[in-house]
Amino acid sequence: MLHPVIASLSGFSLLPSYTVIGLTLGGVYALAATGLVLIYRVSGVLNFAHGAVAMFSTFVAYQISVVAGVPSIIGLAAAVATGAALGFAIEFLTIRPLTGRPPLTKVAVTIAWLLVLQTAAGLIWGSTGYHRPVQLVGSNGFTVPLTNVVVGYDQLTIFLVAVGLSLGTSALLRWTSLGVQMRAVADDPQAARLWGIDVDRVSAASWMIGSGMAAVAGVLITPLLNFDTYSLTVLVIDAFTAALIGRLTNLPLTVVGAILLGLVQYYPKAFFSQAGLSELSTFALAIITLAVVFRPGLATSRGRA
Amino acid sequence: MSGAARSRVGLAVVVAAVALLPALESDFQRGLDSDAVIIALLVLSVVVLTGFVGQISFCQYSFAAIGAFTVGALMDGHGWSFWLALPVGVAAAVLTGVLVGIPALRLSGLLLAVLTIAVALFTDRFLLVTGTWDGFSGGAVPWHPERPSLLGAPLTGSYAYYLFVLAILCAAILVVWNLRTGKTGRVLRAVRDSELAAATVGLDVTAWKLAAFGLSAGLAGLAGALLAVRIGSVSPGSYDFLHSVQLTALATVMGVSTIASAPAAAVGTVFGPELLSGISVSSTWFPLLIGGTLIVQLVLVPEGAVVRTRNDIARLSRLLSARRGRDPAVAGASR
């Protein structure tokens, strides 16, 4: 019998294929985190219900595509619509009336949404048990030239769609009229209002786009994990960790952080079979990020978190 | 009779009623009552942290788990007596709480809240998973701590155990109430309202925050240990992240700024699911009800149900006494 350490060294041969999975997962985190950062920057609210919105929308896609057998792309569209509708509902019904209230109150309201969506989904779809994933692309793939690493077309699609949408959001903020308005509201809502920007409309747009992105992330991640109402709701912590790496403001850095997180979550699995390693990695990365990136007052300088 | 004496008598009557009424109930119902008292203890831990120093936490059940699993491992795994294991469990929870609070040295409240989610998921999806540290989590077979006896009287009966946890809750409320009205309470409120101002007048904000974290985690750990012994087995599923979220929501609905929300939350958890089953809705809807209530309430009544009700009663009694032509200030003072 091999010594355990030597046995675990054989994990190195797994690294190339784990890189592929890690990148795919990281792409999905990037998408979720970008939505989170967009909402935080424009409306100043840390959305703790982000994962729950993704979860609920994903289960709508599951109901349509897996249970009812309608093509996946329609399920995805329905999920995005659900996500955007939820984002609008949260902003219009509960965030807008709380303008000027302490950040703690706004956080509490997003927690309430988390609880409502989580319980509702559990009642509708059952909180545990196996759910078949929403497969957008077939899982056959190709071998990377000169190596024996197999990349699934689904993995490639997930990565490209997720990273494309994340970077697309950066482009939207930079070059479109809505993007400029969003940045104006993010920098100073009152000045933006004076300049004739409809702050409420821009804020609602950020919630709808951000939540729609969460929905896409939720649907894309279904083939990657054994998904249920709980595991998708706690996606929020992965999004948070990536967003923290981007200081809750910098979108390209958030994408980089998300991909780093995906890899860090997957590499240890090549060497150890212990359950919960992803959570351990996320926890470690979150602590390191908080210790290194944030200094007193930095993240709160806007004062409206 | 003066107002203070009258309210003291009223309180004694309420406590006596709460202690005696379950004597008429079934064993099953008394078990639920004990659970509710334990939840009150957890809500109290939220009041200390959120209400006193303004810090939101999503890992109160992780602190409870530290208490529960320490007691479970020491009693079932090492054959310790409950009375030795309990203080160790509470101490372990306090230590964990201080550790989690240390990032408070440099993080704003919201980022710390994010960190507590990471702590909660780390605890219930890594630390307590079979294979990570079976000497603590019990591995595949959960711990089965047995109920102790107190001064020769066994606490195995449901009524005896209910009285035991009720006494602990009363003691905890008394301790926290004394802290709140004393110097500590003023210091903590200063820290909550403005850390900058508190630091300016020479308060060691960090130390007080850490102390609040320690106390809060200790209360949660105590509750966790009591719950472990009440159920008779310790499994990770009872202490996960969603329980913590539910607890935070429940405490916020009641109002985190007042100790009275702890007993109010207990009453809510006993009768809430009961009411739901009364109108032929499953009790699994209860979290939905809490969440929905919280949304509506934060928008309409942000200060919390208990505080609002008390303010309403105060306003009503002022109105009534004003109508009777008495001095409203006197009526207000005798409350």
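User: How many aromatic pairs does the structure hold over all chains?

Analyst: This is a predicted model, and it holds 20 aromatic pairs over all chains.

User: What makes the pair of B:Phe82 and B:Phe164 edge-to-face?

Analyst: Two values settle it. The ring centres are 6.3 Å apart, and a pair needs centres within 6.5 Å. The planes stand at 70°, and planes over 60 degrees apart count as edge-to-face. So the pair of B:Phe82 and B:Phe164 is edge-to-face.

User: Which parts does that pair tie together?

Analyst: B:Phe82 belongs to helix α4 (residues 82–101) of chain B, while B:Phe164 belongs to helix α7 (residues 158–181) of chain B, so the pair ties together parts that are 82 residues apart in sequence. Both B:Phe82 and B:Phe164 are buried.

User: Which residues do ring pairs link into a cluster in chain A?

Analyst: That cluster is made of A:Phe56, A:Phe59, A:Tyr62, A:Trp125 and A:Phe227.

User: How do you know that the charged end of A:Lys269 sits over the ring of A:Tyr266?

Analyst: The charged end of A:Lys269 is 4.6 Å from the ring centre of A:Tyr266, and the cut-off for distance is within 6 Å. Direction counts too: the charge must be within 35 degrees of the ring normal. The pair is accordingly listed as a charge over a ring. In chain B, B:Arg147 lies over the face of B:Tyr161, at 4.6 Å from the ring centre.

User: Why is A:Leu248 called buried?

Analyst: Buried means under 20% relative accessible area. A:Leu248 has 3% relative accessibility, so it counts as buried. A:Leu248 is placed in the loop between α11 and α12 of chain A.

User: And why is A:Arg247 called partly exposed?

Analyst: A:Arg247 has a relative accessible area of 41%.

User: What is the phi of A:Arg247, and what is the phi of A:Leu248?

Analyst: For A:Arg247, phi is near 55°, a positive value in a residue other than glycine. A:Leu248 is not a glycine either, and its phi is positive at about 65°. For background, most residues other than glycine have a negative phi.

User: What makes α11(A) largely enclosed?

Analyst: Its count of buried residues: 11 of the 11 residues of α11(A) are buried, so the rest of the structure largely encloses this helix. Among them are A:Leu235, A:Asp238, A:Phe240 and A:Ala243. A:Ala286 sits in helix α14 (residues 277–293) of chain A.

User: How do you know that B:Ser45 is buried?

Analyst: B:Ser45 has a relative accessible area of 0%, and the cut-off is under 20%, so B:Ser45 is buried. This residue is in helix α2 (residues 27–53) of chain B. Not counting residues up to four places away in sequence, B:Ser45 touches B:Gln60, B:Ser216, B:Leu219 and B:Ala220.

Technical notes. Residues numbered from 1 in each chain as written. Chains lettered and ligands numbered in written order. Predicted model: local features only at pLDDT ≥ 70, side-chain atom pairs only at ≥ 80, totals over all residues. Heavy atoms only, no water. Phe/Tyr/Trp six-rings, centres within 6.5 Å; stacked < 30°, edge-to-face > 60°. Helix = DSSP H or I, 4+ residues; strand = E, 2+ residues; numbered from the N terminus. Buried < 20%, exposed > 50% of the residue type's maximum accessible area, 1.4 Å probe, protein only. Contact = heavy atoms within 4.5 Å.
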